[in-house]
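Reader: Please take me through one part of this model in close detail. I would like to know what surrounds it and how it sits in the whole.

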Amino acid sequence: MRALPTLAALLASAALTVAAHDAPPEAFGAPPVSAAEGRANNAARPPWSAERAIAAFERGVDRSRLRETLRNLTAVAHIAGSDADRAQAEAIQAEWAAAGLPNTHIKTYFPLLNRPVSRSLTLLAPERFEATLREPAVDGDDTSRDEEVVPTFLGYSPSGNVTAELVYANFGSPADFAALAARGIDVRGKIVLVRYGSAFRGLKVRAAELVGAAAVLIYSDPAEDGFVRGPVYPDGPWRPPLAVQRGSIQYPTFYSGDPLTPFVAATENATRLPQSEAPSLPKIPALPISYGEAKPFLAALKGHGVAAHTIANEWQGGLDIEYWTGPAGKAHLFIDNEFAVKPIWNTMAVIEGASEPDRAVILGAHRDSWVFGSVDPSSATSVVIEVGRVLGKMYKRGWRPDRTIVIATWDGEEYGLIGSTEWVEDHVEILNKTAVAYVNLDQAITGDAFRASASPSLANLVRQATKGVRDPNSGQSIYKKWNRRAGVDTPEGRVPRVQPLGFGSDYVAFLQHVGVAAMDIRFVGDYGVYHSNYDSFNWMAKFGDPKWKYHEALTLTTGRVLLPLAHDRVLPIDFVPYVHELRTYAKDVAAALGGASMPVEWAGRLDASIDVFEKAARKLHKEADQLRRNDADEDDVVVDAVVGSGDGIDAGVSVLTVQGGSDDGLAGIVPQQHPKHPKHPKHPKHRADNNKLGFGERGFIDMAGIPGREWYRHVVYAPGEWSGYGAEMFPAIHEAIRRGDRPGAEKAVDAAASRIRRVAELLSA
């Protein structure tokens, strides 16, 4: 292997070319590999198929270790940037290294974080009530005894001292504030009381800020996750009266990651925006409270303004009082939050691919939590730790993936997907040229119902993976149970619904900024202690997964996703499912255009591009399927016709060369012919088709971004401007339609149609 450039050298280069074997572990931030280690790692070994790797992996998964890992992770609060957070990062690195994982390291970034110094909330009139802002201890839950281990607060809320009347604004959406204004209710200068649900909490604060509110109180209504849903903790899984949902109120509208360093990594010496100029930071104070302590504030509004149910039935929440809008009463809110640039720590491991080290598959889950975080995030973190441990044991015994595997526990996710976003921004060039997929875990276990969200190109992979793992309760495959619960009819038959990816976890930067196909997988159920002191080991042991069977099932499913991506000769990626999704989204565009009295025929431009895309996707599907069948015939193994697993990878046939100067990052991608790899001289098309499959998602990236929020570059998917968590499809088009921008809507339609054709060209190259 020839000498390899470092990432820093790659980023400094004006014209970047990546050929086979140009992505060493150090390109992803790992310590440089010594010459002796390099020789040992790349010595000739018998090839490993995905089937053989999966069998070895599944033998190594240990349910008892998953349980103990979760116990250890939840033993202490580990908010981002804390000493406990760093100690966990170091402990994970040590465990992975001891297991045998190579190239383990900790990558440090320096984002802006805040911590509460003091806060108070008092109802002054019509009666006085002092909120405790505490979560009382629960019998049998040892970690709940420290009521102030992490005080109830909101990430990135500014400090404030406000005395004002109260107004109730339902979920705090722009439509809710418009409904108040239509009834003559003025929120300017008021403390607005809104409930969790419907949209990301930061967007509630942004909406209140834009209409002139002075401050925001956000409470968890029992209709969403409290006693209305069922028994509350510790008797059931739902939120008890004094539980509080902490969380970030960074505005995801504009970008994810560190508020002060958009587009660039938050390194120690990075150039930073002044805090007052960061568009993602709120300008008015906000505080989370429990529904038990929200009740007196809501009761103070009775008889003032309008009865909430007269606006819409959904405005009436689950408390046993009549909800009114106000304005009425008077409250005093005081918040003193301290802001500082602080270090956070991503724990990483890089397993260099034996055949295609310049192609990477990334697996990640965040590690930081608002308090103890049994579900969020430690159920996911424990699975990723176990995957790393088992792969380390396999590595010690001679296993090597054909493609490079990167494993991460991200830090700072709770504040705004910081650890993953900064790492992506730090490695954007090398990821653009090497990453074929990102697999994300978060809030992994709250019940027994499997759910997947993914790029459509990965939908069939996750479906296939679930066919090989038994559901612990039913004994059926996860796939069969999932399809029965969430099946949808498609041109390819009835299959389980795979949801689109919006905002809310660490896949965002990979998919929506760089264009790396991504997925998020989990088991869901009744869960009412989100971001509270009661998201604890005890909650998981009683309600979430008492026998840890679903932790084990998700670990096995993760292996069946990750290892085919790392081993199959033909990548288990398929763009045909994209066709059905794009056609559905195009119909939605047509309906939106018609509703706004804009030309519906503009949507026909999308339809025409989708027709071209469909031909290219089906042609590539047919080629890839034939390659898989040929491999199966040669190797005498059985593979699935759509996303089957092969027996290795043909690594030296063709590569994509990326050159600088392109306005879209794709103009320089051209096929390059290379001698046949001696390992598989009969397979000249594998590498070429794999480049199309692995990099096709990049074609949806428009480097100009969405107008007004240019960090988001994917023309098909982005977080909704006013929903946050939920994905919006063809976001630039719908945003232009909503603001009545006729030229902007037509321009966005043309841009999306162009990108769809660009992907078709790439798939057909």
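**Phe-613 and its surroundings**

Set aside the neighbours within four places in sequence, and Phe-613 is in contact with Phe-575, Tyr-578, Val-579, Leu-582, Phe-700, Ile-756, Val-759, Ala-760 and Leu-763. Bear in mind that this is a predicted model.

Phe-613 belongs to the largest nonpolar core, which has 224 residues. Along with Leu-391, Trp-399, Trp-423, Leu-606 and Phe-730, Phe-613 touches the most other members. Helix α10, residues 374-396, gives the most to this core: ten residues. In soluble globular proteins, nonpolar side chains tend to be buried together.

Now the wider chain. The protein chain has 765 residues, and 62% of them are buried. It holds 23 helices and 22 strands. Take the contacts between residues at least 6 apart in sequence: 79% of these join residues at least 24 apart. The chain exposes about 25,900 Å², with carbon and sulfur atoms supplying 51% of that area.

Helix α14 spans residues 459-467, and seven of its nine residues are buried, so the rest of the structure largely encloses it. Those buried residues are Ala-459, Asn-460, Leu-461, Val-462, Arg-463, Ala-465 and Thr-466. What do they pack against? Three strands are β15 (449-454), β17 (493-496) and β18 (518-524). The helices are α15 (478-486), α18 (549-567) and α19 (576-595).

Key
Residues numbered from 1 in each chain as written. Predicted model: local features only at pLDDT ≥ 70, side-chain atom pairs only at ≥ 80, totals over all residues. Heavy atoms only, no water. Helix = DSSP H or I, 4+ residues; strand = E, 2+ residues; numbered from the N terminus. Buried < 20%, exposed > 50% of the residue type's maximum accessible area, 1.4 Å probe, protein only. Contact = heavy atoms within 4.5 Å. Areas by Shrake-Rupley, 256 points an atom, 1.4 Å probe, with all protein chains shown as cover. Core = buried A, V, L, I, M, F, W, Y, C linked by side-chain atoms within 4.5 Å.
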